[in-house]
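Here is a quick tour of a protein model, starting with where two chains meet. Have the structure open as you read.

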Amino acid sequence: MRKKLKLIGNLATPSLKTYITAATVVLLASLLVSFWTWNNARTSLKRDIATTLQGGTDGARDMVISKIGTYAEVLNGAAGLFKALPTVNQQAWTNYVSHLNIQNRYPGLQAIVYSEVVPDNERDAYIAGRQTDRPGFSIRPEGQRDVYVPVRLIEPNVGENAQVIGFDPYQEPARKKAMDQARDTGALSITSRLVLVPDQNNPKASPGFIIFVPVYSNNAPLDTVNERRAALIGFVSAGVRSYELIDGLLGSAITENSAVQVFDGTNQDAKNLIYESPTLSNLRKQPGIISSSSVITVGSNRWTLVGYVNQSIASKAQRNQPRLFLIAGILFSFMIAGGLLFVMITRARHIAHEKNREVQEAKDSLISLASHQLRTPATGVKQFIGMLMDGYAGDVSKEQKRMLQKAYQSNERQLEIINQILHVTRADSGRLVLRKEPVDLHSLIRRVIDEHAGSIKDRQQRVIVSKARAGLSVQADPQYLTMVLDNLLSNASKYSHPRTTIRITTKQSGDTITIAVSDAGVGISDEDMPRLFQKFSRIDNELSIEAGGTGIGLYLCEQVMTLHDGSITVKSTEGEGSTFTVSLPSK
Amino acid sequence: MAHILIVEDETSLNEAYTIILKKEGYSISNAFNGVQALEAIKQTEPDLILLDLRMPQMDGVEFLRNLAPLENYPAMKIIVFSNYDVQQDIDEAFKLGATHYMLKAWASPRELVKVVAQTLKETRKTRVS
């Protein structure tokens, strides 16, 4: 991966940073959008849940108001008795109320009570009158007040209920307030939260309130507050146990995922609590609970209904939606950024590759052209100096010939260098192509020796060729093979002192042909060995300055031999000489 | 004695080859581009053509194209004699009927003489580098 990145880097370094930046920008933008969408979905979900909850709470509120209205109507119905009958006694009361079956049909509604107004100046007469039916009747609590509103009728009339008769609710402030309210408005009124005492059906005290409904004398005008006050004869009232009331109303709608609280007033304090679902304590332990409240106006009282719900109000699919958006968004972001980066890098690689190819081609044509242009004048020199040396313009003296030879050799070196540059460039770009054909090895060797005849004779050196057998043929590119042998012979001569011998030996073993060129020259030290075939490396020895060279000859030889599926090796002893062995398959 | 056509745009080289080959006794015609070469062939059919590849007006390959079909010149040999060793051009020349290739820069006067003599001795369809 790192190698790949390096390669990519090499091909497109300036752009790589740009591409990564671009891809990162796209990634960030896309992630941003994903988060925004996720957040939106979350908010939307929250809103939907809240709306649903509010709807539920409002619905519950309406139900409560309606129910209380119904209970008030029940009391109103009872009040109607006083319009219908000249007097209403306990028996009539019992008949009427028991028929209502409040126990079963009006959950939470307690005994229905009638209290009648007794001004202070009528008190004694009233008590005396009552005692004719009920010995021992008294108005409780004792004490003198401006007006008394003792209970006269109650149904059910059993057990402790009977004891309520004579009890004056008007002296209790909460009840008084509600009673005054009912009297003045002519409509129902409820007390604030009270604790209702246990009775035979309810062993425990529980919170609740009392509904009062006013009863007026028949045919009295009731248009103004004062008229109503003057016409008031009593109240029909009943306690309501709020837990039973609300349970009966909402109980079936409450599941383990929801809860309701009802508070008397607008302050959600524990002492104002008149109802709480049993599911609330569990619900409160869960995360993600939301609540919403609704205010109920009952009479002149206000209650606060608080609904609670957990996240399950939304279906699992709805709840998962935001998270799915987020995951999908993140995946998509990475995919798109990754894809973009991939496309850009591929394109860059492709372009760089194309460019590289163009550059290589341009380089190649340039090199070919340049070498051609450089060869042309050098060829001219070669011909004319050659002609002079060979006597085409007349005899030349020994001294003249010597000088001409020096010029010729110089020129040859130039041609050699041009060749090497051309071949090295081609070898490096992999464009060195061999044209193999059957080559008569010994003729080729002969030709190479002839080419160097002059300079070898000058150095008073000898070349001895030993052949394995006559007529050795090898499948090779004659031009390049010549170049290799030319280079080896040239080196052998250059790096040997005068009056030494160079041996060229050919051998065949099996399918492999070897050509060994050995000299008795300066040799190569062990430490110089590794650098021998490297490009541009020239070894320093006593003859290297005199010899000159480009340092690419042996490098090229190795390239050429490798292309021939062969090899080139060397054995050498410093100060004694070297043997370069070239081997290649005969076919 | 054989007749040789030298097709080479570089005047000094053209002159050099002429001197060298005349000394051997061959009769020589000279052309400095493909157009002149075609003219020269019309006048005297050569036994051997020394053909340079890169020339103005009409290069070596164009010349060969215009010369075709070479069946008309059964005995004629063509040595592509160039300093330009781009493989494609050389292959193209061979496809069009050239029989030999030699790098100019490689050939000393002696070499040139040897190669010409060798080539003239051959029958068509053999190749030597």
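## Where the chains meet

There are 2 salt bridges between chain A and chain B. One pairs R435(A) with D91(B), and the closest N and O atoms there sit 2.5 Å apart. Bear in mind that this is a predicted model. The interface also has 5 residue pairs in polar contact.

On the chain A side, the elements giving two or more residues to the part that touches chain B are α10 (316-389), α11 (398-428), α12 (441-458) and α13 (478-494). The largest share comes from α10(A), with 12 residues. Sorted by type, the chain A residues that touch chain B come out as 8 nonpolar, 9 polar and 9 charged.

In total, 26 residues of chain A are in contact with 31 residues of chain B. Together the two chains bury about 2,500 Å², with 53% of that on carbon and sulfur atoms. Three residues, Q383(A), Y392(A) and R435(A), supply 25% of the area chain A buries against chain B, more than any other three.

## Domains of chain A

Chain A splits into domain 1 (12-314), domain 2 (347-432) and domain 3 (434-585).

## A look at L31(A)

L31(A) sits in helix α1 (residues 2-84) of chain A. Is L31(A) buried or exposed? It counts as buried, because its relative accessible area is 15%, under the 20% cut-off.

Setting aside neighbours within four places in sequence, L31(A) is in contact with I330(A), S333(A) and F334(A). L326(A) is 295 residues away from L31(A) in sequence, yet their C-alpha atoms are 8.8 Å apart in space.

Notes
Residues numbered from 1 in each chain as written. Chains lettered and ligands numbered in written order. Predicted model: local features only at pLDDT ≥ 70, side-chain atom pairs only at ≥ 80, totals over all residues. Heavy atoms only, no water. Helix = DSSP H or I, 4+ residues; strand = E, 2+ residues; numbered from the N terminus. Buried < 20%, exposed > 50% of the residue type's maximum accessible area, 1.4 Å probe, protein only. Contact = heavy atoms within 4.5 Å. Domains from an automatic or database assignment. Buried area = accessible area lost by both parts, 1.4 Å probe. Salt bridge = Lys/Arg side-chain N within 4 Å of Asp/Glu carboxyl O. Polar contact = N/O pair within 3.5 Å; in protein donor to acceptor, adjacent residues only side chain to side chain. Nonpolar A, V, L, I, M, F, W, Y, C, P; charged D, E, K, R; others polar.
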